[in-house]
Amino acid sequence: MPDTPTAPVILGNRPGSFPHSVLAERHPAIIRQVRDAFPYEPGQRHALDALLADCTEGTIEPLPADAHDRGRWTAWGMDAYAGRSWYDVPWLWSESWFYRQLLQAVGYFGPGPWQGIDPFRPSKRAELDSSATDDELAALDDLAGRPADERGRALLHGSLWGNRADLGFRLSAEGTARAAAVPALVADDGERLWELLDASRAGTLVLVADNAGRELVPDLLLVSHLLEQGTIGRAVLHVKPYPYYVSDATTADVVDALRRLTGARGAAAGHGRRLWDALSDGRLTLRAHPFSCSPLPYEEMPGDLRADFAGAAVTVVKGDLNYRRLVGDRTWPPTMPFADVTGYFPGPVAALRTLKSDVVIGLAPATEEALVAAAEQRWRTGGTHALIQVRA
Ligand SMILES: O=P(O)(O)OC[C@@]1(O)O[C@H](CO)[C@@H](O)[C@@H]1O
């Protein structure tokens, strides 16, 4: 049996490291942002204050016996990590735990009047309603006259770079937008992705979505284009079952994005109607699997999710967090081959991601050297670089 490659799991306990800054600074900033965004009641405010202290100084405390998802979190490692500092468990685990606790604090899981109220909705809506989104939708009219191939490639890149629009990232990355003025692909298997899609004419595309708003809109536009061209016959869009990592897309965000498209003018409205029809007639389906908010890598996915991915002509995995889960949140050498690490994935898989955390694999040695020479290790986390990687 071939050896499965491995590397140490990333923890958040090294001061000065990016993961440490997320736990020590980004999470408190997210709590403050949420606290200011709603007229929360005293009980919720106390719970948010308690979470602020807990997530920076406390330890992992198991969920109460009657928590609706206690069994799930037990299976995901809760008991094994009980009593440990948030910094001393896998960083990926700690982050997912944070969002679970934040939603608990604001009453999202209910029962009660705040059940189902997304604490990140104001920032997601502001982005969707922004003039920047207007400009992006208007640009579709110029694209409409171009050959189909060119439109497809432009929309693929729109979906890729849309991943820079990540609201949690912006909380702790002020100024990187300017640094990102010269975008650069550090790995580009884009043509291999088109080959896969073209070879599977009328097959199923699974798209594992990441952020709502200015990432989800271009993701949906790409799906619309592929359906229109007959490149794919069906699409399955995986979203999160509850709000997560600030801007991750839920079903409500898909509906908001579709309404934004159908309410626009010109080509954007045409895409909106096509997607609306596709959802209505079953050519586009949504999934909100509990594992999508789990603190585990995809290698540990359950059988029903595995079957979903196995049936796809290709699964496109969007964004930084999904990339970490796809390849494992580990200190891999950047030149570790992508195909070696993703060999477990049930079917062809493509990653579309801007680089916003330390994990990266599949780089050519010369690419890594050039990146380090130009920016030491900053290229890993600044959102200034992107990649398209494919394992057929
Ligand atoms: O998955 P996304 O939206 O592309 O990025 C998520 C992110 O902003 O959050 C994590 C840190 O909290 C990192 O993986 C990354 O920086």
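Trainee: Where is the place of Val 246?

Mentor: Val 246 sits in the loop between β3 and α13; helices (H or I, at least four residues) and strands (E, at least two) are DSSP runs, numbered from the N terminus. This is a predicted model, in which local features need pLDDT of at least 70, side-chain atom pairs count only at pLDDT 80 or more, and totals for chains, interfaces and linings use all residues. Residues are numbered from 1 along each chain as its sequence is written.

Trainee: Is Val 246 buried or exposed?

Mentor: A residue is buried if 20 or more other C-beta atoms lie within 10 Å of its own, exposed if 12 or fewer, and partly exposed in between, with C-beta atoms placed from the backbone. Val 246 has 23 C-beta neighbours inside 10 Å and therefore counts as buried. Its phi is positive, about 65 degrees, although Val 246 is not a glycine. Tyr 245 lies in the loop between β3 (232–238) and α13 (251–262). Tyr 245 has a positive phi of about 45 degrees, although it is not a glycine, and is buried, with 22 other C-beta atoms within 10 Å.

Trainee: Which residues touch the most other members of the largest nonpolar core?

Mentor: In soluble globular proteins, nonpolar side chains tend to be buried together. A nonpolar core is a set of buried Ala, Val, Leu, Ile, Met, Phe, Trp, Tyr and Cys residues joined through C-beta atoms within 7 Å. The largest one here has 65 residues, and Leu 205, Leu 207, Val 223, Val 314 and Ala 350 touch the most other members. Helix α12 (residues 216–229) gives the most to this core, namely 7 residues. Apart from it lies another core of 34 residues, including Phe 98 and Val 246.

Trainee: How many residues of domain 1 are in contact with domain 2?

Mentor: Domain bounds come from an automatic or database domain assignment, which here gives domain 1 (18–117) and domain 2 (124–391). Two residues are in contact if their C-beta atoms, placed from the backbone, lie within 7 Å. By that rule, 18 residues of domain 1 are in contact with 18 residues of domain 2. On the side of domain 1 that touches domain 2, α1 (18–37) and α5 (91–105) each supply at least two residues.

Trainee: What peptide bond joins Gly 110 to Pro 111?

Mentor: The bond from Gly 110 to Pro 111 is cis, with omega near 0 degrees. Pro 111 is placed in the loop between α5 and α6 (121–128).
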